[in-house]
Amino acid sequence: MIYCLLADGFEEIEALCPVDILRRGGRKVTVVSFGHSTEVCGAHGITVKADTTVHELLASDAWEQKPEMLIFPGGMPGAKNLDMSPETDRLLSVAKAHDAFLCAICAAPMILGKRGFLKNRRATCYPSFETYLDGAVLSDESVVRDGKIITANGMGAALSFGVTLLSALAGDEEGARIRASVLAK
């Protein structure tokens with residue numbers, strides 16, 4: 001299962017574009033609210049209805065059944081809210097145990113960096129968040145995949161980020177097919 005994690009203040013495009021691309025590629029994505037409601041308000045006042053809350057997810061048996069990927073959208077204060085949540089550490093612990101992909105865009109790579117997931121790995125982020133990428137090999141690329149870690153630098157990279165996530169799970173051919181189907185370059 002793929003989980004896209006939303007906290008109030010998330011960057012709407014950075015969350016919804018990858019979810020859209022993954023679903024176009026036939027992947028099941030569960031959108032998870034880090035609030036007490038399934039409604040989450042983005043950084044630009046757009047409210048999104050998530051599929052479940054993090055509390056419901058962690059209370060279910062479904063979570064323990066091999067997560068494939070965690071997606072952390074950026075945006076402020078969304079990325080900071082995810083970073084400060086104790087549930088983030090619980091999700092990351094299970095994801096790591098199952099060798100899941102860890103994916104973050106914009107400010108959100110700081111979540112992975114502060115927890116040591118980026119040590120000696122190539123990564124990118126929104127300018128000024130590099131100091132949080134402890135031990136990372138910083139890249140100027142918009143989207144960087146290093147093994148099971150995928151990072152992107154901001155909203156402008158959201159489509160490529162989504163295609164990279166799909167390619168990581170379904171292969172480059174499927175990623176290219178979806179990229180062409182949405183007329184992206």
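Just after helix H1, Gly-26 takes a positive phi of about 80°. The model is predicted, so local features need pLDDT of at least 70 and side-chain atom pairs count only at pLDDT 80 or more, while totals for chains, interfaces and linings use all residues. Residues are numbered from 1 along each chain as its sequence is written, and side-chain values use heavy atoms, with hydrogens and water left out. Helices (H or I, at least four residues) and strands (E, at least two) are DSSP runs, numbered from the N terminus.

**Helix H1**

- The expected span of a helix is 1.5 Å times one less than its number of residues.
- For the 13 residues of H1 (residues 12-24) this gives 18 Å, and the end C-alpha atoms are 18 Å apart, which agrees.
- Glu-12, Glu-14, Ala-15, Cys-17, Pro-18, Val-19, Ile-21 and Leu-22 of H1 are buried (buried means under 20% relative accessible area, exposed over 50%, partly exposed in between, with a 1.4 Å probe and protein chains only).
- The buried residues of H1 pack against several elements, among them strand S1 (2-6), strand S2 (29-33), helix H6 (158-170) and helix H7 (172-181).

**Nonpolar cores**

- A nonpolar core is a set of buried Ala, Val, Leu, Ile, Met, Phe, Trp, Tyr and Cys residues joined through side-chain atoms within 4.5 Å.
- The largest such core has 33 residues, and those with the most contacts inside it are Leu-70, Phe-72, Leu-91 and Leu-112.
- Elements that give two or more residues to this core include S1, helix H2 (54-59), helix H3 (78-84) and helix H5 (109-114); the largest share, four residues, comes from H4.
- Apart from its neighbours within four places in sequence, Leu-112 is in contact (heavy atoms within 4.5 Å) with Phe-72, Leu-92, Leu-102, Ala-104, Phe-117, Leu-118 and Ile-149.
- A second, separate core of 32 residues includes Ile-2, Ala-15, Leu-166 and Leu-169.

**Aromatic rings**

- Rings of Phe, Tyr and Trp (its six-membered ring) pair if their centres lie within 6.5 Å; planes under 30 degrees apart count as stacked, over 60 as edge-to-face and the rest as tilted.
- By this rule there is one aromatic pair.
- The rings of Phe-129 and Tyr-132 have centres 5.9 Å apart and planes at 40°, so the pair is tilted.
- Phe-129 is buried, at 13% relative accessible area, whereas Tyr-132 is partly exposed, at 34%.
- The charged end of Lys-148 sits over the ring of Phe-101, 4.6 Å from its centre (NZ of Lys or CZ of Arg must be within 6 Å of the ring centre and within 35 degrees of the ring normal).

**Salt bridges**

- The whole structure holds nine salt bridges (a side-chain nitrogen of Lys or Arg within 4 Å of a carboxyl oxygen of Asp or Glu).
- Asp-51 forms a salt bridge with Arg-23, with the closest N and O atoms 3.3 Å apart.
- Asp-51 lies in the loop between strand S4 (47-49) and strand S5 (52-53) and Arg-23 in H1, so this pair ties together parts 28 residues apart in sequence.
- Arg-115 and Asp-89 meet in a salt bridge (2.5 Å, N to O), which links the loop between H5 and strand S8 (122-123) with helix H4, 26 residues apart.
- Arg-115 is partly exposed at 24% relative accessible area, and Asp-89 is partly exposed at 39%.
- Asp-83, Asp-89, Lys-114 and Arg-115 are linked in a network of salt bridges.
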